Amino acid sequence: MINNNMIRIGIIGLGYVGLPLAIEFGKKFNVVGFDKNPVRIFDLKSSLDKNKDIKKKQFKQSKKLNFSNNLIDLKKCNIYIIAVPTPITSRKKPKLKYIKEACLDVSSILKKDDIVIFESTVYPGLTEEFCVPILQRKSGLAYNKDFFCGYSPERINPNDKIHRLKNIVKITSGSNNYTANFVDNLYKKIVTVGTFKASSIKVAEAAKVIENTQRDLNIAFVNELSIIFDKLQLNTYEILKAANTKWNFINYQPGLVGGHCIGVDPYYLTCKSKQVGYNPKIILAGRKLNDSMGVYISNKILNKMKMKNIKVNQSKILFMGISFKENCSDFRNSKVFDIIAYFKNKCHSLEVYDPIVDSKEVYKKSKIKLIKYPKKNYYDVILILVRHKFYKKLGVNKIINFAKKNSVIFDLKNLFIKENNYIR
Ligand SMILES: NC(=O)c1ccc[n+]([C@@H]2O[C@H](COP(=O)([O-])OP(=O)(O)OC[C@H]3O[C@@H](n4cnc5c(N)ncnc54)[C@H](O)[C@@H]3O)[C@@H](O)[C@H]2O)c1
């Protein structure tokens, strides 16, 4: 049994999820924030969060938090919280490499009475069927006798300044009654709006994965509507605005589904579903549709170019936005890359302008060099693909000035909806 004054927390994986968690727990308990990436630890030690989520001031407020990439520093902890990535492979299967490595590391330092809590998004059953055996094997400890587990999924939204860790109800769970209560009380210390104690780890795992799957499907539905309305030459946004005046119409917008949650998590659920003999139909249909939107949008742009007699092979295209969503520096799995890939070898030149993302990181991962600022009267096509506030501030007139007289300006997310007479 761990009493409150003995609590020492080790947080494994300090990305979008792990760092805010470490910051909050570090205000109340001794915390070691551990990450395999030495550069990340170097930055965090000097209070720098490259994700632009945590400010210097917040690092200072977390007085009991230390950072390390040395496993030995985690040895004195008795609560381990794992927040490593759970992506998919190129064949859209769960890639469990990171969670396996984290479990192997923790198993080498696990002691009697320790609790291991998982925050990574997984399929129902992964904690107890995949992680627990790894933890048992190397440590030689018995599950639910010598050590215990919990699962508390993260629901934060990258770079969302309103919905933060502290004000989102946190689902908690544990491997037995005692642990479930312990985990629940632990999170209550940092989540001001309270917690929801699920009846089991599997229930908590399933709840998280369906939240994102539901969102993916709802977006797939409006994406399908936008395809139908395009054919009918109707403006989808105008229709959605009208329909949204009904109290029970759910307001979703069409668009590209990227990032490493919404477009990934449904595959965790469908993988598990297949394992138990059911081949999901609706979930996979939604995924297929959302994954095809990049090519659909590219064809739409191409048609607009043809209508204006703009020759693709002579065209200069400006991409505005490369991150997977608005006002966010995260560009992993951004579907804008699908549109870039479509035009890359077809057009004369292609430039990308996104001041929100880290240009060095983009170059490192994709070999795409971002431009510092667009040229005037230069582009045949301007694609506004991400709803960054920055572009809104820049204003439609400046954007139009980047384009040649005969040009296509494509505003995917209707950022300039009120001024859309200018958008051509
Ligand atoms: N980003 C979100 O908004 C969000 C929201 C809810 C849930 N999630 C889930 O949370 C989990 C983490 O996501 P994230 O966005 O924080 O990922 P991230 O890529 O931002 O951060 C993960 C960190 O873990 C580190 N890491 C990888 N393997 C490690 C290991 N074996 N030991 C120590 N550190 C290791 C990486 O270096 C990286 O810094 C994923 O399962 C994700 O699906 C993310």
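Is Cys347 buried or exposed? Select Cys347: at a relative accessible area of 10%, this residue is buried. Buried means under 20% relative accessible area, exposed over 50%, and partly exposed in between, with a 1.4 Å probe and protein chains only.

Before moving on, some ground rules. The model is predicted, so local features need pLDDT of at least 70 and side-chain atom pairs count only at pLDDT 80 or more, while totals for chains, interfaces and linings use all residues. Residues are numbered from 1 along each chain as its sequence is written, and side-chain values use heavy atoms, with hydrogens and water left out.

**Stop 1: cysteines**

Select Cys103 next. Its relative accessibility is 0%, so Cys103 counts as buried. A disulfide here is a pair of cysteine sulfur atoms within 2.5 Å. By this rule the count is zero disulfides.

**Stop 2: H10 against H11**

Select residues 282–307 for helix H10 and residues 336–344 for helix H11. Helices (H or I, at least four residues) and strands (E, at least two) are DSSP runs, numbered from the N terminus. H10 and H11 pack at an angle of about 45°, with their axes 8 Å apart. That makes H10 oblique to H11. Axes are lines fitted to C-alpha atoms, for helices over the stretch in contact, and angles run from 0 to 180 degrees between N-to-C directions. Angles under 35 degrees count as roughly parallel, over 145 as roughly antiparallel, 65 to 115 as roughly perpendicular, and the rest as oblique.

Show the side chains of the contact. From H11 come Asp338, Ile339, Tyr342 and Phe343. The H10 residues that meet them include Asp291, Val295, Leu302 and Met305. Contact means heavy atoms within 4.5 Å. Colour by class: the contact of H10 with H11 has eight nonpolar, three polar and two charged residues. Ala, Val, Leu, Ile, Met, Phe, Trp, Tyr, Cys and Pro count as nonpolar, Asp, Glu, Lys and Arg as charged, and the others, Gly among them, as polar.

Zoom in on Ser298, in helix H10. Ser298 is buried, with a relative accessible area of 0%. Which residues does Ser298 touch, not counting those up to four places away in sequence? Ile339, Tyr342 and Phe343. For a distance check, pick the C-alpha atoms of Ser298 and Val336: they are 38 residues apart along the chain and separated by 9.9 Å.

**Stop 3**

Select Lys335, in the loop between E9 and H11. Lys335 counts as buried, at 16% relative accessibility. Beyond its neighbours within four places in sequence, Lys335 is in contact with Leu256, Val257, Gly258 and Asp291. Phe324 is 11 residues from Lys335 in sequence and 6.7 Å away, C-alpha to C-alpha.

Asn333 lies in the loop between strand E9 (316–320) and H11. Its phi is near 55°, a positive value in a residue other than glycine. Asn333 is partly exposed, with a relative accessible area of 44%.

Jump to Asn377, in the loop between helix H12 (359–366) and strand E11 (379–384). Phi of Asn377 is also positive, near 45°. At 54% relative accessibility, Asn377 counts as exposed.

**Stop 4: H9**

Select residues 265–275, helix H9. How many of its 11 residues are buried? Nine, so H9 is mostly covered. Among the buried ones are Tyr267, Tyr268, Leu269 and Lys272. The buried residues of H9 pack against H5, H7 and H10. Gly277 follows H9, with a positive phi near 95°.

**Stop 5: H5 against H7**

Select residues 126–139 for helix H5 and residues 201–231 for helix H7. The pair packs at an angle of about 110°, with the axes 9 Å apart. That makes H5 roughly perpendicular to H7. Leu126, Thr127, Glu128 and Glu129 of H5 make the contact with Ile201, Lys202 and Glu205 of H7. By class, the residues of this contact divide into two nonpolar, one polar and four charged.

**Last stop: Ser62**

Select Ser62, in the loop between helix H3 (56–61) and strand E3 (65–68). Ser62 is buried, at a relative accessible area of 4%. Leaving aside neighbours within four places in sequence, Ser62 is in contact with Ala22, Ile23, Gly26 and Lys27.
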